[in-house]
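Student: I've got a model open and I'd like to learn how to read it feature by feature. Can we go through it together?

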Amino acid sequence: MATYREIVSRIENSLNSLTKDMFIPRRFILSVFKSKAEFYMAQKLFDKTLFRETSLFKWINCVELIEEDVIKCGKLEFKRCKSLMKSKKKLPKTLWSKYGSSIILVTTIDGEKEYKLISQVDYMNLLKRPNNDKFKGKWAIIYPDNYIYLPDSEVRMVNILMYTLDEKADDSSDCKDCSDCESYWDKEVSISDKVREVVIQETLKEIAMRIQIPKDENPNLDSNQKSATVN
């Protein structure tokens, strides 16, 4: 897989072949690329083909949870919980489809226990069942605001296996390692080679259209003289 730096540099070089007189910020290029990539990968999530590419999923280890007040949190589905744990930080940006999020596994940090991912609606329906007590402490709920909740649990830390294009995904982890030493530009982009090539071409098209790049007849590093000829 290529890194964000390699992909953005390739797009920069292609854009420079069109115009040498216009500066295009790298973060803008990255933003457009990620937007396109998320669109294509969300389609793969929707048709479930994403789950065949397990090598693209990433473990976010040591996600710290804090105790949340079941009354003050304002979420009706948790008002009957004896305890409620919430991720201290937002999770990396996830993809969503009608089947849920791009998170496929939540475990304790020793891997001994798995939490079943469930939607808010399904969780509320489960609470109506007469034997719901035996399922307490087994669920994990991901909210669209990218926080994870564990009702009826007192676990302080979990590991999460997910698909994300968030280049700052490791910031959600509280593991003490050297991930902070690595620039996010050097992080690998979790998309297949085939999709990557499509996304790069779509990114080039959109950026060229947005900034309306004309043919540069006079590459003299003056963006005001693109169509001027040199005598």
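This is a predicted model: local features need pLDDT of at least 70, side-chain atom pairs count only at pLDDT 80 or more; totals for chains, interfaces and linings use all residues.

Student: Which strands form a hairpin with five residues between them?

Tutor: That's β7 and β8, and Asn146 in the turn has a positive phi of about 70 degrees. The two strands, β7 being residues 139-142, run antiparallel and are joined by two bridges. Ile141 is the residue standing opposite Tyr149 in β8.

Student: Which other strand is joined to β8, and by how many bridges?

Tutor: Strand β2, residues 84-87, is joined to β8 by three bridges, again antiparallel. Look for Met85 there: its bridge partner in β8 is Leu150.

Student: And the faces of β8: covered or open?

Tutor: Buried here means under 20% relative accessible area. Both faces of β8, residues 148-151, are covered: Ile148 and Leu150 are buried on one side, Tyr149 and Pro151 on the other.

Student: What packs against β7 and β8?

Tutor: The buried residues of helix α3 do. In α3, residues 120-127, the buried ones are Tyr123, Leu126 and Leu127. Seen down the helix axis, the buried residues of α3 fall within an arc of 100 degrees, so they line one face.

Student: What is the nearest side chain of opposite charge to Asp152?

Tutor: It's Lys136, 4.7 Å away. A salt bridge needs a side-chain nitrogen within 4 Å of a carboxyl oxygen. Asp152 is buried yet has no salt bridge.

Student: What about Lys34: buried or exposed?

Tutor: Lys34 has a relative accessible area of 16%, so Lys34 is buried. You'll find Lys34 in helix α2, residues 26-46. Not counting residues up to four places away in sequence, Lys34 touches Tyr4, Leu165, Asp166 and Glu167. Take Leu165: Lys34 and Leu165 are 131 residues apart in sequence, with their C-alpha atoms 7.0 Å apart in space.

Student: How many disulfides does the structure hold, and which cysteines are joined?

Tutor: One disulfide, joining Cys62 to Cys175 with an S to S distance of 2.0 Å. Cys62 lies in strand β1 (residues 58-67) and Cys175 in the loop between β9 and α4 (193-211), so the pair ties together parts 113 residues apart in sequence. For handedness, check the S-S torsion: at about 75 degrees, the disulfide is right-handed. Cys62 is buried at 16% relative accessible area, while Cys175, at 23%, counts as partly exposed.

Student: And the overall picture?

Tutor: The protein has four helices and nine strands, in the order α-α-β-β-β-β-β-β-α-β-β-β-α along the sequence. Of its 231 residues, 45% are buried. Among contacts with a separation of 6 or more, 73% come from residues 24 or more positions apart.

Note on methods. Residues are numbered from 1 along each chain as its sequence is written. Side-chain values use heavy atoms; hydrogens and water are left out. Buried means under 20% relative accessible area, exposed over 50%, partly exposed in between (1.4 Å probe, protein chains only). Two strands pair if DSSP finds at least two bridges between them. Lys and Arg count as positive and Asp and Glu as negative; His and the chain ends are not counted. Contact means heavy atoms within 4.5 Å. A disulfide is a pair of cysteine sulfur atoms within 2.5 Å. The arc is that of the directions from the helix axis to the C-beta atoms.
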